[in-house]
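User: I would like to understand how this protein is built, one step at a time. Please work through my questions using the structure shown below.

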Amino acid sequence: MGVSAVHALLRRGVFGSAGVRVAAGDVNGDGVSDIVVSVGQGASPRVLLYRADTRTSEGQILWTGPLGSGLRVAVADLDGDGVLDVVVGQGKYAQPLVRGYSGSTFLELAGWQPFAGNGFLGGVLVS
Ligand SMILES: [Ca+2]
Ligand SMILES: [Ca+2]
């Protein structure tokens with residue numbers, strides 16, 4: 001799946017009208033960049049991973065957030081294995097959560113709650 005394929009999904013309205021955030025990087029270690037797309041604030045916040053090796057228009061769902069919160073995405077090597085992982089931050093009006101996922105196994109690698117306990121609902125940016 002390349003950028004043009006994601007663009008085609010956007011044109012078809014697959015992600016609704018809430019807007020999307022995109023991060024790119026090789027998250028399964030095959031040397032080819034993959035694309036992570038999160039749906040912005042709106043009806044169905046979720047994070048989809050489009051790996052280049054699967055060549056499918058159906059992204060792997062990594063996280064579905066609470067209604068209306070929106071999700072932000074980035075890539076970083078969270079476990080130090082030399083392969084980028086997917087990082088997701090929960091947006092405004094929900095608890096500030098950050099989670100990390102393996103792009104190879106799709107399993108959650110890490111999860112933490114910055115600003116816990118102070119009622120902060122301003123959203124978490126990840127980069
Ligand atoms: Ca890859
Ligand atoms: Ca890693």
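Analyst: Two residues are in contact if their C-beta atoms, placed from the backbone, lie within 7 Å. The structure is a predicted model.

User: Among contacts between residues at least 6 apart in sequence, what percentage join residues at least 24 apart?

Analyst: The contacts considered here are those between residues at least 6 apart in sequence. Of these, the share that joins residues at least 24 apart is 46%.

User: In what order do the elements of the protein run from the N terminus on?

Analyst: The protein has 1 helix and 8 strands. From the N terminus on, the order is α-β-β-β-β-β-β-β-β.

User: What is the bridge partner of V88 in β7?

Analyst: Strands β6 and β7 run antiparallel, and 4 bridges join them. In β7, the bridge partner of V88 is R99.

User: Which residue takes a positive phi in the hairpin of β7 and β8?

Analyst: Strand β7 (residues 98–101) pairs with β8 in the antiparallel sense over 4 bridges. One pairing between them joins V98 to its bridge partner W112 in β8. The hairpin has 6 residues between the strands, and the residue with a positive phi near 65 degrees is F106.

User: How many residues of strand β8 are buried?

Analyst: Strand β8 covers residues 108–112, which are 5 residues. A residue is buried if 20 or more other C-beta atoms lie within 10 Å of its own.

User: How many residues does the largest nonpolar core have?

Analyst: The residues with the most contacts inside this core are V36, V73, V75, V86 and V88. Two or more residues each come from β2 (34–39), β3 (46–50), β5 (71–76) and β6 (85–90). Leaving aside neighbours within four places in sequence, V73 is in contact with residues including V36, V86 and V88. The number of residues in the largest nonpolar core is 22.

User: Is P45 buried or exposed?

Analyst: P45 is placed in the loop between β2 and β3. Leaving aside neighbours within four places in sequence, its contacts include V39, T64 and L71. P45 has 24 C-beta neighbours inside 10 Å, and therefore it counts as buried.

User: What distance separates the C-alpha atoms of P45 and Q90?

Analyst: P45 and Q90 are 45 residues apart along the chain. Their C-alpha atoms are separated by 9.3 Å.

How values were computed:
Residues are numbered from 1 along each chain as its sequence is written. Chains are lettered from A and ligands numbered from 1 in the order in which they are written. This is a predicted model: local features need pLDDT of at least 70, side-chain atom pairs count only at pLDDT 80 or more; totals for chains, interfaces and linings use all residues. A residue is buried if 20 or more other C-beta atoms lie within 10 Å of its own, exposed if 12 or fewer, and partly exposed in between; C-beta atoms are placed from the backbone. Two strands pair if DSSP finds at least two bridges between them. A nonpolar core is a set of buried Ala, Val, Leu, Ile, Met, Phe, Trp, Tyr and Cys residues joined through C-beta atoms within 7 Å.
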